[in-house]
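Colleague: Before we discuss the details, may I see the model, and would you state how its parts are named?

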Protein chains: 2
Amino acid sequence: MTTIRDVARISGHSVATVSRVLNHKKYVSPEVRAHVQSVIDELDYVPNDMARDLSRGKTMNIGVVCLNLAHPYYADINAGIMSAAFAAGYNVVLLQSKYDNEQERKYLEQLRRKAFDGLIFTTHNIPVEEMLPYRKYGPVVVCHDPGDIDIDAAYSERGPSYIKAFMWAKRHQFKRIGLLLPRDPALSATGAETIAAYKQVFGHKPAPSYTRIGSMTYADGYAAGEYFVTRGLNPDFIFANGDDIATGVGQYYKDHHLPVPALMGQDNQLSGQLLGIPTIDHHYRDVGAAALRLAIGAAHGKYGLHSDFLTRSGN
Amino acid sequence: MTTIRDVARISGHSVATVSRVLNHKKYVSPEVRAHVQSVIDELDYVPNDMARDLSRGKTMNIGVVCLNLAHPYYADINAGIMSAAFAAGYNVVLLQSKYDNEQERKYLEQLRRKAFDGLIFTTHNIPVEEMLPYRKYGPVVVCHDPGDIDIDAAYSERGPSYIKAFMWAKRHQFKRIGLLLPRDPALSATGAETIAAYKQVFGHKPAPSYTRIGSMTYADGYAAGEYFVTRGLNPDFIFANGDDIATGVGQYYKDHHLPVPALMGQDNQLSGQLLGIPTIDHHYRDVGAAALRLAIGAAHGKYGLHSDFLTRSGN
DNA sequence: TTGTACGCGTTATCAA
DNA sequence: TTGATAACGCGTACAA
């Protein structure tokens, strides 16, 4: 491996001068610069990023904690993070979570150990409070509304769209409303916001028997359909946390030759487009881009972005 | 920042001993080990990964070049890479390509500069020959059959499944077969394999007018449907490079109240499952896991994995 | 078993 | 405008 010292020795200049040429710094005469550059080219020398990182104290990469890349939330938010990172010269280190507290703590430790310059939690299981002590090692960003907690955050303002969605349901006179949530509302902001919007629109909490948690995939939706049918709950409207999931619900009804209740999804996915059901577009790409700017220290604070309720009535 | 030297000074031992304790090496007496560990705990010291990387000459991360994470091919292959990487203690650095030669060369340069220990091209635009010189800086892995070229590779053996798929079409007496390919077969192995299988089964090349390239998304499928209809080509079977894409084709026909031709997709996606059309499962997760083992140097050579043709006739 | 001292390759400081 | 040298923080021959 050829090093900066080889270039220095062969060019007859100091490593300091070679370093200046490499980094396009001032205070190098044109002649010296040209000569050093010619030696660099001749030796086909490139600097070692590990040494550069250590010397500069920066890794130029950002850790991103994800649950499941196949899920549209993560796919979209990642796409936003990636393109913003590329533009800023950063690399993205993908970290999988699986809602495992130990793993998440390990990633915080990696931040402390300077494995990356900043950390984005697109999802997390540990309480935000546990992240706070790590901010002294670099920016820690979450992707939901952190409330009063002082931590950098980029997220979709889902509340207003949820309210629009339930208003739509109310206008359509739906009475028995099924709710599919990703996780226990006590633990997940998404679920809590859904419940809150429901309460605001209908004046009361959703019935527990009409609320299903742990809904993440098409198969979960299908199982939810079976649940509603076999219990004889007979919902006339089902609000799912994803178009794919809503589609799964509908498929159960179709497979059993039952009339499909009105469905609503989220994330503006292909499956929902095919069914022509209403959805909510959370603009997760923009959320990802904002999160990255926070993670590289180019911004600070809380960024709540708007989401859009789409009826897709044109389909 | 507290360093190994602080631990050494305060514990009254040498940095070498502290290093041995940190890395659980032999030749440290139990008493000394316990005492040093107590000082480590007390100071809440953790080693700096950048310094460790430089000293060891390894970064413990693998670069993965991707086109589009939302696409099932990349989502699945990435899931396989990620879980194998996690198991082996490596981090995954996601790199986007967009079929830009300059970007791909930049990633090879990053390998040379020790930004990562190995590089996986889940897709690439530059010729494989251009990668060969970089193998001296670390493993370079491609995710398709490289033919005679001597480079590490993990990929799905698509040919046999393509042949099964076309045999199925032949048995069904389809005569006018539309073919949707991701890219020009001259540039893409996928396309070339599809054409080859077609030729082997039907004894002749597909008609150019029935072959569409640049097919990647649902929207492309929809456009392909329009193409077939407006040209009056009237295909009785359409073989698409993805279930979503096949679904797009079908949707065009439905939207225009035309009888939908027989469809076949790939990647075993939700949309194809809904339609109950045949598909091919390429097992990209396994491909990803194999690619990672190559990228960390735990294996060498070419790994062609089997794919499965699924009729989904049960639906 | 322990400690000294050097190497890893670069950037940055300061004197010249 | 240049160059010598000290960081950066850790691992590890080699000596003791």
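Modeller: Helices (H or I, at least four residues) and strands (E, at least two) are DSSP runs, numbered from the N terminus. Residues are numbered from 1 along each chain as its sequence is written, while chains are lettered from A and ligands numbered from 1 in the order in which they are written. The model is predicted: local features need pLDDT of at least 70, side-chain atom pairs count only at pLDDT 80 or more, and totals for chains, interfaces and linings use all residues.

Colleague: Which helix gives the most to the surface near DNA strand C?

Modeller: A residue is near a strand if its C-beta atom, placed from the backbone, lies within 6 Å of it. Around DNA strand C there are 28 residues, with A:Ile4, A:Ala51, A:Ser55, B:Ser14 and B:Ala16 coming nearest. At least two residues each are supplied by helix 1 (4-11), helix 2 and helix 4 of chain A, and by helix 2 and helix 4 of chain B. The greatest contribution, five residues, is that of helix 4 of chain A.

Colleague: Which helix provides the largest share of the surface near DNA strand D?

Modeller: Of the 27 residues around DNA strand D, the nearest are A:Ser14, A:Ala16, A:Ser29, B:Thr3 and B:Ile4. Helix 2 (15-22) and helix 4 of chain A, as well as helix 2 (15-22) and helix 4 (49-56) of chain B, each supply at least two residues. The largest share, five residues, belongs to helix 4 of chain B.

Colleague: How many residues of chain B are in contact with chain A?

Modeller: Contact requires that the C-beta atoms of two residues, placed from the backbone, lie within 7 Å. The elements of chain A that each supply at least two residues to the side touching chain B include helix 5 (72-88), strand 2 (91-96) and helix 6 (101-112). On the two sides, 34 residues of chain A meet a number in chain B that is likewise 34.

Colleague: Which residue of chain B is the bridge partner of A:Leu94?

Modeller: Two strands pair if DSSP finds at least two bridges between them. Strand 2 of chain A and strand 2 (residues 91-96) of chain B pair in the antiparallel sense over three bridges. Within strand 2 of chain B, the partner of A:Leu94 is B:Val92.

Colleague: Which strands are the edge strands in chain B?

Modeller: Chain B also has four strands in an open sheet with parallel pairing, in the order 7-6-8-9. Each edge strand pairs on one side only, and these are strand 7 (211-212) and strand 9 (262-264) of chain B.

Colleague: How are helix 9 and helix 10 of chain A oriented to each other?

Modeller: Axes are lines fitted to C-alpha atoms, for helices over the stretch in contact, and angles run from 0 to 180 degrees between N-to-C directions. The axes of helix 9 (residues 218-230) and helix 10 (residues 243-255) of chain A come within 6 Å and cross at roughly 45°. Angles under 35 degrees count as roughly parallel, over 145 as roughly antiparallel, 65 to 115 as roughly perpendicular and the rest as oblique. Helix 9 and helix 10 of chain A are therefore oblique.
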